[in-house]
Amino acid sequence: MYFSGVFIGIVAFLCIGLFHPVVIKAEYYFSSKIWPVFAVLGIAFILAALFFENIVLSACMAVVGISFLWSIKELFEQEKRVEKGWFPKNPKRK
């Protein structure tokens, strides 16, 4: 049996679970202006995935990279959720 696909699926699931609170905290402390950091990290992980011969490691790196890029969209949506009052606004930030 081959468990590569299952392992990649688990990594994708963990990335979704990990990036959800990361986006919330990033928006709270830095606002959505931190999106370039997510973009650089996302591109870096995707480019790094191109250089791994191991398909599982390459796929996992790509999943992390895409998760960073998807988080950019979520940062801006989180900002809207804060404006609606669904999440707390950082009182130290104007």
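Where does Val37 lie? Val37 lies in helix 2, helices being DSSP runs of H or I, at least four residues, numbered from the N terminus. The model is predicted, so local features need pLDDT of at least 70 and side-chain atom pairs count only at pLDDT 80 or more, while totals for chains, interfaces and linings use all residues. Residues are numbered from 1 along each chain as its sequence is written, and side-chain values use heavy atoms, without hydrogens and water.

Start with the length of helix 2. Its 15 residues, 35-49, should span 21 Å at 1.5 Å a residue (1.5 Å times one less than the number of residues). The end C-alpha atoms are 21 Å apart, which agrees.

Next, burial. Phe38, Ala39, Gly42 and Ala49 of helix 2 are buried (under 20% relative accessible area; exposed is over 50%, partly exposed in between; 1.4 Å probe, protein chains only). Down the helix axis, the buried residues fall within an arc of 100°, so they line one face of helix 2. The arc is taken from the directions from the helix axis to the C-beta atoms. Val37 is partly exposed, at 45% relative accessible area.

Now the partners. The buried residues of helix 2 pack against helix 1 (4-30) and helix 3 (55-83), with contact meaning heavy atoms within 4.5 Å. The axes of helix 2 and helix 3 come within 7 Å and cross at roughly 160°. That makes helix 2 roughly antiparallel to helix 3 (angles over 145 degrees). Residues of helix 2 including Trp35, Phe45 and Ile46 meet residues of helix 3, among them Met61, Phe68 and Phe76. The C-alpha atoms of Val37 and Phe68 are separated by 9.1 Å, 31 residues apart along the chain.

Key
Helix = DSSP H or I, 4+ residues; strand = E, 2+ residues; numbered from the N terminus. Axes fitted to C-alpha atoms, helices over the stretch in contact; angles between N-to-C directions. Parallel < 35°, antiparallel > 145°, perpendicular 65-115°, else oblique.
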